[in-house]
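Here's a quick briefing on the model below. Have a look at the fold first, then read on for the details.

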Amino acid sequence: MCGDVNTAHKEIDLARPKQNEKISGFLPEERAWMDKFLAAGYLDTFRIFNPEGGNYSWWSMRTGARKRNVGWRLDYFFCK
């Protein structure tokens, strides 16, 4: 399964996790859904090959965030 799930799973998946704890896309219940999905045997293929942070798939165009690499990883490729 692949696509934009509009959720950053772990703190490593966004540039500013503490500032976004109460923002949709990083809410505890959204992240818990991803925990359950992965517990069902799915693998986050990107994270297997890229264990470090700083890799994102979305940046706000309004703030010029891409130039500063202040982004979120919202797009995933899962396999089972």
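Tyr56 sits in the loop between α2 (45-49) and β3 (58-59); helices (H or I, at least four residues) and strands (E, at least two) are DSSP runs, numbered from the N terminus. This is a predicted model, so keep in mind that local features need pLDDT of at least 70, side-chain atom pairs count only at pLDDT 80 or more, and totals for chains, interfaces and linings use all residues. Numbering starts from 1 along each chain as its sequence is written, and side-chain values use heavy atoms, with hydrogens and water left out.

**Tyr56 and its surroundings**

- Tyr56 counts as buried, at 15% relative accessibility; buried means under 20% relative accessible area, exposed over 50%, and partly exposed in between (1.4 Å probe, protein chains only).
- Not counting residues up to four places away in sequence, Tyr56 touches Ile12, Asp13, Leu14, Ala15, Asn69, Gly71, Trp72 and Arg73, where contact means heavy atoms within 4.5 Å.
- Asp13 is 43 residues from Tyr56 along the chain, yet their C-alpha atoms are separated by 6.9 Å.

- You'll find Arg73 in the loop between β4 (71-72) and β5 (75-79).
- Arg73 is buried, because its relative accessible area is 2%.
- Leaving aside neighbours within four places in sequence, the contacts of Arg73 include Asp13 and Asp44, as well as Phe46, Arg47, Asn55 and Tyr56.
- Trp58 is 15 residues from Arg73 along the chain, and the two C-alpha atoms are separated by 6.2 Å.

**Two asparagines with positive phi**

- Asn6 has a positive phi of about 55° although it is not a glycine, and it lies in the loop between β1 (2-4) and α1 (28-39).
- With a relative accessible area of 46%, Asn6 is partly exposed.
- Asn69 also isn't a glycine, and its phi is positive at about 55°; its place is the loop between α3 (65-68) and β4.
- Asn69 is partly exposed too, with a relative accessible area of 30%.

**Nonpolar core**

- The largest nonpolar core has five residues: Ala8, Leu14, Phe26, Trp72 and Leu74. For this, a nonpolar core is a set of buried Ala, Val, Leu, Ile, Met, Phe, Trp, Tyr and Cys residues joined through side-chain atoms within 4.5 Å.
- Phe26, one of those five, touches residues including Ala8, Leu14 and Trp72, not counting residues up to four places away in sequence. Among its other contacts are His9, Lys10, Glu11 and Arg31.

**Whole chain**

- The chain comes to three helices and five strands, in the order β-α-β-α-β-α-β-β along the sequence.
- The radius of gyration is 12 Å, which agrees with the value near 12 Å for a compact globule of 80 residues; it is taken over C-alpha atoms, and the globule rule is 2.2 Å times the number of residues to the power 0.38.
- The C-alpha trace spans about 35 × 25 × 20 Å along its principal axes.
- Buried residues make up 31% of the 80 residues.
- Of the contacts with a separation of 6 or more, 64% come from residues 24 or more positions apart.
- The accessible surface is about 5,400 Å², and 58% of that belongs to carbon and sulfur atoms (Shrake-Rupley method with a 1.4 Å probe; for residues, only the protein chains shown count as cover).
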